[in-house]
Amino acid sequence: MAPAPLLTPYKMGAFDLSHRVVLAPLTRQRSFNNIPQPPAILYYSQRTSKGGLLIAEATGISDTAQGYASTPGIWSKEQVEAWKPIVDAVHEKGGIFFCQIWHVGRVSNYDFQPNGQAPISSTDKPIKPVVRANGIDVSTFSPPRRLATEEIADVVNDFRLAARNAIEAGFDGVEIHGAHGYLIDQFLKDQVNDRIDKYGGSLENRCRFALEVVEAVVAEIGAGKVGIRLSPFAAYSEAGDSNPEALGLYMANSLNKYGILYCHMVEPRMITVGEKTETPHSLLPMRRAFKGTFIVAGGYDREDGNRAIATGYADLVAYGRVFLANPDLPRRFELDAPLNNYNRETFYIPDPVVGYTDYPFLDSTS
Ligand SMILES: Cc1cc2nc3c(=O)[nH]c(=O)nc-3n(C[C@H](O)[C@H](O)[C@H](O)COP(=O)(O)O)c2cc1C
């Protein structure tokens with residue numbers, strides 16, 4: 001019997017992948033003081049398969065990059081050292097590991113900022129408070145400070161240094177987090193970006209910051225180690241766009257100039273966090289435009305993942321929640337085995353085991 005399309009090998013630049021099932025970046029909020037902790041060694045190693053691609057959780061590029069408790073960073077020596085055993089464990093099992101480098105911009109508040117200062121953004125427009133995933137707590141956001149034109153190069157440089165640190169920590173490459181309403185998306189999207197300098201207004205101007213980050217990171221570590229995640233259709237944290245398809249296409253075409261390894265796009269059906277909705281839109285135009293590896297994510301199961309690969313809609317499919325709950329997901333897909341359900345309640349708790357490393361493997365359930 002021919003293997004399922006998701007279980008076929010794929011050559012991504014210099015990396016020989018043995019299958020197409022990618023671990024999507026998943027924030028787990030278990031990195032106290034912004035330092036990855038030892039339980040992450042087991043967590044990532046459980047989700048590693050030989051020749052499988054893993055994308056690490058969003059990881060802050062600087063001391064202004066955080067907006068949630070206990071998310072990891074990669075700007076200090078101590079953080080780089082803490083990542084090393086985690087990366088080593090993934091490599092020991094033959095995995096390929098990319099670090100998602102991140103700045104939240106205005107999705108933050110004074111409590112997460114050095115000296116209680118205002119979060120930085122493309123704008124000074126604040127985000128309204130939102131009810132958190134547990135349905136009880138409310139996240140509030142402090143009014144951001146609009147970056148001056150001449151300060152932007154420093155933030156680009158922070159992305160460059162974070163990429164260098166990621167390589168120093170042993171990662172195979174980085175994924176620039178340009179999705180989900182965070183800093184880069186706050187420049188890309190016209191619902192947020194109200195600048196009148198060369199970083200605002202036209203599509204070209206709004207994409208300038210993202211592309212400067214790509215250029216700097218490529219110059220630092222080489223295009224073959226660089227991916228980017230984009231969500232042109234999503235409108236998280238009040239970051240929507242009036243013409244997401246034009247934005248996605250402009251980015252896909254512009255990225256070709258830098259020859260980066262991959263473009264990772266989130267499906268238009270993920271309009272709100274965690275919910276699938278019917279949409280007439282598709283990533284096909286961007287897939288056709290982009291010349292590197294195209295990764296899709298958002299609401300995939302085994303069946304539509306196989307279809308995405310079989311029809312050439314994507315090269316790889318990233319799985320978030322089901323991979324979180326099924327450490328041996330590629331194997332389960334191979335066997336068409338039943339899946340563990342994920343538990344939202346434990347996504348973001350600080351517990352080093354519960355909801356983190358205690359999801360059972362197939363062998364232990366059968
Ligand atoms: C617990 C959790 C944490 C997440 N953290 C991140 C993150 O750090 N970076 C990111 O780009 N997306 C993040 N996402 C989005 C996922 O990568 C993925 O795109 C989303 O869950 C949809 O895919 P799925 O339907 O396969 O879960 C997160 C999602 C969840 C559920």
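Q: Which residues are the closest to the ligand, and how many surround it?
A: A residue is near a molecule if one of its heavy atoms lies within 4 Å of it; here 17 residues surround the ligand, and the closest are Thr 27, Gln 100, Arg 229, Gly 299 and Arg 321. This is a predicted model, in which local features need pLDDT of at least 70 and side-chain atom pairs count only at pLDDT 80 or more, while totals for chains, interfaces and linings use all residues. Residues are numbered from 1 along each chain as its sequence is written, and side-chain values use heavy atoms, with hydrogens and water left out.

Q: How is a pair of aromatic rings described, and how many aromatic pairs are found in the whole structure?
A: Such a pair is described by the distance of the centres and the angle of the planes. Rings of Phe, Tyr and Trp (its six-membered ring) pair if their centres lie within 6.5 Å, and planes under 30 degrees apart count as stacked, over 60 as edge-to-face and the rest as tilted. The search of the whole structure finds 16 aromatic pairs. The rings of Tyr 43 and Tyr 44 have centres 4.9 Å apart and planes at 75 degrees, so this pair is edge-to-face. Phe 347 and Tyr 348 also form an edge-to-face pair, with 6.0 Å from centre to centre and 85 degrees between the planes.

Q: Is Phe 347 buried or exposed?
A: Buried means under 20% relative accessible area, exposed over 50%, and partly exposed in between (1.4 Å probe, protein chains only). Phe 347 is buried, at 9% relative accessibility, whereas Tyr 348 is partly exposed, with a relative accessible area of 38%.

Q: How many disulfides does the structure have?
A: A disulfide is a pair of cysteine sulfur atoms within 2.5 Å, and a search of the whole structure finds zero. Cys 207 is in no disulfide, and the nearest cysteine sulfur, that of Cys 263, is 12 Å away. Cys 207 is buried, with a relative accessible area of 0%.
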